[in-house]
Amino acid sequence: MGYEYIGITVLWVFLYGYLIVASVDFGAGFFAYYARRTNKDHIMNKLISRYLSPVWEVTNVFFVFFFVGLVGFFPDMAYYFGQALLIPGSIAIVLLAIRGSFYAFESYGSKNNSVFMFLYGATGLLIPASLSTALTISEGGFLNVTDDGVRLQITELLLSPYSWSVVLLAIVSVLYISSMFLSYYAHKAGDKDALSLLRKYALFWSIPTIIASMTVFIAMSQHNPEHFDRLFDYWWVFGLSVLFYLIAVFLVYSEKLYGFAFIAVMLQFFFAFFGYGVSKLPYLLYPHVTISESVTPDAMGLALVVAFIGGLLLLIPSLVMLMRMFLFDADYIKGNK
Amino acid sequence: MIELDSVMLSRMLTAMTLIFHIIFATVGVGVPVMISIAELIGIKKKDKYYSLMAKRWARGFTIIVAVGVVTGTAIGLQLSLLWPSFMQLAGKVIALPLFMETFAFFFEAIFLGAYLYTWDRFKNPMTHWWLSIPIIIGGTLSAFFITTVNAFMNTPAGFDVEDGVINAINPLAAMFNPATPTKVFHVVSSAYMTSAAILATIAAVTYLVKRDQEYAKRALKLTVTATLVFSISTAVAGDLSAKFLAEYQPEKLAAGEWHFETEEGADLVLFGTLNDDNEITGEIRLPKALSFLAYGNFDAEVTGLDKIPDDEEPPLFIHYFFDLMVSIGMFVLLVSGLYVLMTYVKKWNPHNKLMLWALTTIGPLSMLAIEFGWVYAEIGRQPWIMRGFMKVAEGATTSPNVGAMFLLFFLLYFVLGIGTLVVLRKMFKDHPAEVELEHLYTEVGKGGER
């Protein structure tokens, strides 16, 4: 197995990690704003802020890690995606910047400022939408590659049903993942009022999530039939995803085992995400970039893998410490610390 | 007239992002050191003023870090968005430190989260203090890794080129290229110095407006002493950097010093202006000092711009930036040195108006010196993006939309800048240290929740 497989596996795992933790964060921002508009903020915003405060920066690092690693393992991606994504990439940066800094302004500076809350809620939905365009573009059909450089065909992108189906899936799954996690967190905190509200959100958003997933499949069959065919080679992976989806919804519906329910949600997205990823190989950017042609030279590949292992040895114990201190410290969650 | 093509606009956008980001990055690297020292003194001396100092600095620090994180994300992505061909080529050689920087930052972020939310959670206050050490390590390592990438752009190493194809890649040799030691030393030391100086400015202003004078006195003593120590080490680093340039990047030194003819016993040109015929007027000329600065020997030969091909000559205006940076460095060293001296001589009052006014300037001036230093370093590398291998024009994006993105980011940085100032002001204006101290230690609630 060459460095291209190690590289893409590592990157895909991190992107999956980002998908989960960022979804929780993005959705929480939206729910916090929504609760405030509907005067329910007293029920759950304290809970949300206790979760978000210590972890927001960590979320951001998953993303930085992914794109730095992508350029490290597959430098050609810098050339293609760099040129093509100037506009969507810049918009995503601006949204992330507004979100990150205004979160800090709000929580450390002026509490309960409605403009900050609004920005925080709105960017929570806009960021997944803008980031998802990178995945859409990687399916091919939106780039014009010439000797003068790579151009994104924005009109095609905006008129494509596939592109919109991905945006829709990104937004609803953010709300679904987030409400599922927050239900679990509320349950753990013993906060009955917040739980009953968040549980309703979770059940509500589970329906558009499964519909949007199916829509993406249908749109894919039109947009990139070759990839669509390969998706079927991995039908059992998507089958497992649906199974875990049903388990998660059933558990939350019957008001039990919220922890397991969230693990099921994670597995649901794990299988869907890896099924999509593995069927996409060998292409990183269809049909221009494949993992084996664009992979960095062996010496750099080895250095990156060694650095990665060293980094994990440093980070995993630290992350465990952080989680024990905040996420899974019952007293902290309940607000006693 | 400069043509605003996508190369020029890419340079402008990158420059704007870096000029903005470096403010937050500098403070992000340096302030944890000061927080850690203050907390330790507070614990050891059982002096609640110092503990409060650490707490207040940490609170302001969170805002700076937040903006540093988001602007750092911006520059990280902009490297690929604006310089795709450069990243495609350089990524094969120098991706390792970029990758490790993420780990260093991840490490810092985790412990920062733990540090900020656990002030009173441990029985032994030293446990909390220990959490500050990984923050310092993470921040300083981040600076180290990123600086090696910039060093690589100046003196690329760790690869061979054959027929336009890169091979024989050695990531460690690329990371530890000839520019790395002096550059890292200079960057880290000046970040510590500037952070201490900014905190000194805040303390001096607090003292001058006659608020919290007991608190401000201690803060001044700590921060100005630190500024002195770090400005001495920064001066040493600067001197080593000049010696490095003379040997490895003579065109940057020559352009910065307006040294046109290669000669032995070269004069050092301070200040002055250039007329239309490239003749220097109004300068102060120190005989043979450039030779000494460059090689530690008054008679050594220093390469002049005559040895550099015309199309590889950096712009000459960088001389002004070099002079400004050095002058500020010297001024800060003198002011902080004088203050420290005055605290040791009983008869003298270090808290006289003039001294305090001088101290209010050292923070902003040090930050300006960092900006000037980077302008010198970056413009001084022109026309190269990767010296000797790729010019900036070859590395830039060809996208026609860079101008619009420039405006978008200008707006973003404007909003972030204003937001930071407003929030920081609000954070401290209504919460003077004295009130907070009472509040903390008597636990009689006066204000809102803190």
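**Backbone exceptions and the A–B contact**

A:Glu255 is placed in the loop between helix H10 (235–253) and H11 of chain A, where helices are DSSP runs of H or I with at least four residues, strands are runs of E with at least two, and both are numbered from the N terminus. Although A:Glu255 is not a glycine, its phi is positive, about 55 degrees. A:Glu255 counts as partly exposed because it has 13 C-beta neighbours inside 10 Å; with C-beta atoms placed from the backbone, 20 or more others within 10 Å make a residue buried, 12 or fewer exposed, and the range in between partly exposed.

This is a predicted model, in which local features need pLDDT of at least 70 and side-chain atom pairs pLDDT 80 or more, while totals for chains, interfaces and linings use all residues. Residues are numbered from 1 along each chain as its sequence is written, and chains are lettered from A in the order in which they are written.

In chain B, the loop between helix H9 (250–257) and strand E3 (263–264) holds B:Trp258. B:Trp258 also is not a glycine, and has a positive phi of about 50 degrees. B:Trp258 is buried, since 24 other C-beta atoms lie within 10 Å.

I turn to the cis peptide bonds. One joins A:Leu281 and A:Pro282, with omega about 5 degrees; A:Pro282 sits in the loop between helix H11 (258–280) and strand E3 (283–285) of chain A. Another runs from B:Gln382 to B:Pro383, with omega near 5 degrees.

Finally, the contact between the chains takes 55 residues from chain A and 54 residues from chain B, counting residues whose C-beta atoms, placed from the backbone, lie within 7 Å. On the chain B side, H3(B) gives the largest share, 22 residues.

Notes: Two residues are in contact if their C-beta atoms, placed from the backbone, lie within 7 Å.
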